[in-house]
Amino acid sequence: MAALSYNIFIIILTRHRLRMASTITGVSVGLGLSCSTTRKLTQKRNPSSSRLSFCSIKMAVSVEEEKKKKSFTLEKSEEAFSAAKEMMPGGVNSPVRAFKSVGGQPIVFDSVKGSHMRDIDGNDYIDYVGSWGPAIIGHADDEVLAALSETMKKGTSFGAPCLLENVLAEMVIKAVPSIEMVRFVNSGTEACMGVLRLARAYTGREKIIKFEGCYHGHADPFLVKAGSGVATLGLPDSPGVPKAATYETLTAPYNDIAAVENLFENNKGEICGIILEPVVGNAGFIPPKPEFINAIRRITEENNALLIFDEVMTGFRLSYGGAQEYFGITPDLTTLGKIIGGGLPVGAYGGRREIMEMVAPAGPMYQAGTLSGNPLAMTAGIHTLKRLQKPGSYEYLDKITSELVQGIIDAGKKTGHAICGGYIRGMFGFFFTEGPVYNFADAKKSDTAKFARFYQGMLREGVYFAPSQFEAGFTSLAHTAEDIQKTIAAAENVLRQI
């Protein structure tokens, strides 16, 4: 079609010479001619030149754009991924990475730095996944790498207490309102497993309330109406989870106070607590209604149950003290991860001293881990938190994320798409639906096929979002104003095409 348009264009020029300059200028946009080309067309022809000499016009779906399209290839990623599928289930070590919900070739990366990622084919991307949240100060930060280098000289794992555990523990306790004591583990899943066992041990009750679309790791009791990869793959539950493991798990729609009250009414004296993402990030970005978190704090207190904030994602991201500081609500227990390890495997749970003293060896509730509190994760966490303490950090995140989200939503509406979204500080999301989105049921109204087309288009433009409509995005202190403007421009370009 492009070739046909070009031939027609030549005929028009030949017939009407340059009297069509104004029309040509308009047409040039449709054909993707560069501005310099348009200027050439308005110049007078040399009568002695060949009638078709102006065919030297450079077609330019801008030449730069054409180069970009030709240079974008995922051949090496395809080869590596094909080999990976022979050795690892689905070719990945975490399901959402397989691009099942967006289609196309999963990308195999080679390196990261600041706000950018580079794949093994040499393609560069502005990154809004941030290793699923940890990279809040940017990838491969020089200060963090230097500190890790020094720590590694002393050893990578002790399997025994190290002073760095004290340092990070003190920083976490000072920052997070609910935490008076903390236990470090190796992942968010471990943290949520431990905190659930602790809540049951402390209250002597077994039932727990979670919310539809909230993801608290892949432990058996939480794989009921879960978000994250479970939502991405459309799995209602997971095979291999015994009914007994989820029998005591009660679910309610997020932001639905009446549903929570009904569960307590129908299970009097049996519920140990409520666990939730204070801002949902594993069903897309879904913030709480103002009255919702206040209500569940009241309800848990009235029923002598514990309120547990899963801040693996929101901890140190919405504010230095997490979502609980941002919203002014103090839970009884909190789980953390991601940012407190600065990109290395980590997790933690903590809360009131009287509850935490139930944990072994101080108390009878057992939990352990070979690599828990390892010096490398502690070092990366310490230096990441130090950077976040600098004045203006969260104001900067708020500014760039606001510009990004508003820019994408404006571009979507300008190009005729149903779209809504939101953000808090360095966490954001958008849905291809009119909205508003208050819970997972609302999120599932999104046009996921359109998201897949948008996603693939953005990859070609050099922008890397999470490969699922049902995952939040993340900005970092390393993102620049130029990154944001490039992303918005790319989004508008893609949205015009899909």
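Which residues lie nearest the centre of the second largest cavity? Hold that thought for a minute, and let me start with the ground rules.

This is a predicted model, where local features need pLDDT of at least 70, side-chain atom pairs count only at pLDDT 80 or more, and totals for chains, interfaces and linings use all residues. Residues are numbered from 1 along each chain as its sequence is written, and side-chain values use heavy atoms, with hydrogens and water left out.

OK, strand 8 to begin with, residues 306-310. Strands here are DSSP runs of E, at least two residues, and helices are runs of H or I, at least four, numbered from the N terminus. Five of the five residues in strand 8 are buried, so the strand is largely enclosed by the rest of the structure. By buried I mean under 20% relative accessible area, with exposed being over 50% and partly exposed in between, using a 1.4 Å probe and protein chains only. In a regular strand the side chains alternate between the two faces of the sheet. Here L306, I308 and D310 sit on one side, L307 and F309 on the other, and both faces are covered.

Now its neighbours. Two strands pair if DSSP finds at least two bridges between them. Strand 7, residues 271-276, runs parallel to strand 8 over four bridges, and I275 has I308 as its bridge partner. Strand 9, residues 333-337, is also parallel to strand 8, with three bridges, and there F309 stands opposite T334. Getting from strand 8 to strand 9, the chain goes through helix 13, residues 322-327, in a right-handed β-α-β crossover. Right-handed means that, with the strands pointing away from you, the path from the first strand over the helix to the second runs clockwise. Strand 7, helix 12 (290-302) and strand 8 make a right-handed unit too.

Next stop, an open antiparallel sheet of three strands in the order 11-12-14. Strand 11 (420-424) and strand 14 (473-474) are the edges, each pairing on one side only. Strands 11 and 12 share five bridges, with G422 partnered by G429. They form a hairpin with two residues between them, and R425 in the turn has a positive phi of about 50°. On the strand 14 side there are two bridges, and M427 faces F474. As for strand 12 itself, five of its five residues are buried, so it is largely enclosed as well.

We work on a 1 Å grid over the protein atoms alone: a cavity is a set of points where a 1.4 Å probe fits but cannot get out, and lining residues have an atom within 4 Å of a point. Points are joined across faces, edges and corners, and a volume is the space filled by probe spheres set on them. The structure holds three cavities of 30 Å³ or more. The largest has about 90 Å³ of space, and strand 12, residues 427-431, gives the largest share of its lining, three residues.

Back to my opening question. The second largest cavity has about 60 Å³ of space. Its lining is 15 residues, and D127, G130, A135, S476 and H479 are the ones nearest the centre.

A search of the whole structure finds zero disulfides, taking a disulfide as a pair of cysteine sulfur atoms within 2.5 Å. C192 is buried at 1% relative accessible area, and C420 is buried at 13%.

Technical notes: 1 Å grid on protein atoms, 1.4 Å probe; cavity = no way out; pocket = protein on both sides within 12 Å on 5 of 7 lines; lining within 4 Å.
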